[in-house]
Amino acid sequence: MSIDHLGRTIDYLRISVTDRCNLRCLYCMPEEGVPWKEHDSLLSLEEIERFVAVAAQDGISRIRLTGGEPLVRPGIAGLISAITKIPGIERVALTTNGILLPKMAQELKEAGLSRVNISLDTLDPEQYTYITRRGKLEDALAGIEAALEYGFAPVKINCVVVRSLHQDVLAYAKLSIDRPLHIRFIEYMPVGTSSGGEGHGWTADDTVPSDELIGIINDLAAKDGLGTLEPVAYNEAPGGWGPARYYRFPGAQGTVGFISPLSNHFCGECNRLRLTADGKLRPCLFSDEEFDVKTALRTGTDDDVRDILRHTLGVKPDEHHDRVGTERTMSQIGG
Ligand code: SAM
Ligand code: SF4
């Protein structure tokens, strides 16, 4: 088991498998995209697999593949198939914008993927195209249907709330009522400060703290006759607790979660490391400290790779304190 220098159990690795994306969400990437890394500077699928095998020997048991958009990386199903077979890996999950899921859900399921998180920030077709700068809502919704149809469980839907966008948060939260969908509202974070301005136009006013959002949803729900959100017990949270706090409308099949990286740090329970698409290991989303695994994977032994993993655990910060920005974009780090 991997225990960091502060006694936290670190068993979860998020891997950005590509910095590329088929969308350009305005809170994540500049409209023209970020200059893509040369193909050779990205970890190959075999290098990712080897890193996971080393990490699994040190107690990493849960993997999430993300990006960029992981489904645009050629060979992603093969990678999933390979890493699900690594001894010690208990489950492999994916975070996606869902656009390619209708086409790929079956092969992903067959490859051994167990769960998916789909990012969708609005149910309004025009607003969806505005936020993603090129996507169609119907494609993302078809992705959610495909996830349910192929039996991924739980299916979580992530929404970044941006105050000035005036998203209809109640309509969104209501998705959790009739079907086993787990909605998660994420506080808007300033990421990518060195490449496109302050987190692509982020201002503190645009972040809606989770407690305020719970109040807003409860007020709207009361007017709609829905009752108020009730806290979900720890052992009933969808697929483990993680950083979200979960609630449920009375009688709902799914849940409504709130992820509060800015207003309610969950660093004390942080169980994760991140591997960037270009092979850097990051101990914390909000620390720009990174350790070069790629060189060790290309020129060193498994022991060299393990040394970097252990060193990274040794410097994982106690919390991100007042630091909330990053120099690299979320698509590069792996959101
Ligand atoms: N392309 C995939 C997707 O959109 O789900 C995976 C990568 S994306 C970077 C992962 C998550 O990061 C998404 O849920 C996205 O909404 C979130 N994200 C990106 N930029 C963010 C920001 N500035 N603040 C909060 N969440 C952000
Ligand atoms: Fe692409 Fe996901 Fe970033 Fe949107 S949030 S631009 S879908 S990587």
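**Ground rules.** I worked on a predicted model, where local features need pLDDT of at least 70 and side-chain atom pairs count only at pLDDT 80 or more, while totals for chains, interfaces and linings use all residues. Residues are numbered from 1 along each chain as its sequence is written, chains are lettered from A and ligands numbered from 1 in the order in which they are written, and side-chain values use heavy atoms, with hydrogens and water left out.

**Entry 1: Asp121.** I found Asp121 in the loop between strand S4 (115-119) and helix H4 (125-132); helices (H or I, at least four residues) and strands (E, at least two) are DSSP runs, numbered from the N terminus. Asp121 is buried, meaning under 20% relative accessible area, with exposed over 50% and partly exposed in between (1.4 Å probe, protein chains only). Which side chain of opposite charge is nearest to Asp121? It is Arg133, 11 Å away, and Asp121 has no salt bridge (a side-chain nitrogen of Lys or Arg within 4 Å of a carboxyl oxygen of Asp or Glu). I did see a polar contact of 2.6 Å between the side chains of Asp121 and Tyr27; the term stands for a pair of N or O atoms within 3.5 Å, where within protein one must be able to donate a hydrogen and the other to accept it, and residues adjacent in sequence count only if both atoms are side-chain atoms. The Asp121 side chain also reaches the backbone nitrogen of Val160 at 2.9 Å.

**Entry 2: ligand 1.** I looked up the shell next and got 18 residues, each with a heavy atom within 4 Å. Tyr27, Gly68, Glu69, Ser119 and Met189 are the closest. Strand S3 (91-96) and strand S5 (155-161) each supply at least two residues of this shell. Nitrogen atoms of ligand 1 lie 3.1 Å from a polar backbone atom of Tyr27, 3.0 Å from a backbone N or O atom of Gly68 and 2.7 Å from a polar backbone atom of Met189. The protein covers 95% of the 540 Å² of accessible area that ligand 1 has on its own (Shrake-Rupley method, 1.4 Å probe).

**Entry 3: salt bridges.** My search of the whole structure gave 12 salt bridges. Asp302 and Arg50 meet in one of them at 2.7 Å, N to O. This pair links helix H10 (residues 302-314) to helix H1 (residues 45-57), 252 residues apart. Arg282 pairs with Glu290, the closest N and O atoms being 2.7 Å apart. Is Arg282 buried or exposed? Arg282 is buried, at 0% relative accessible area, whereas Glu290 is partly exposed at 24%.

Conventions
Lys and Arg count as positive and Asp and Glu as negative; His and the chain ends are not counted.
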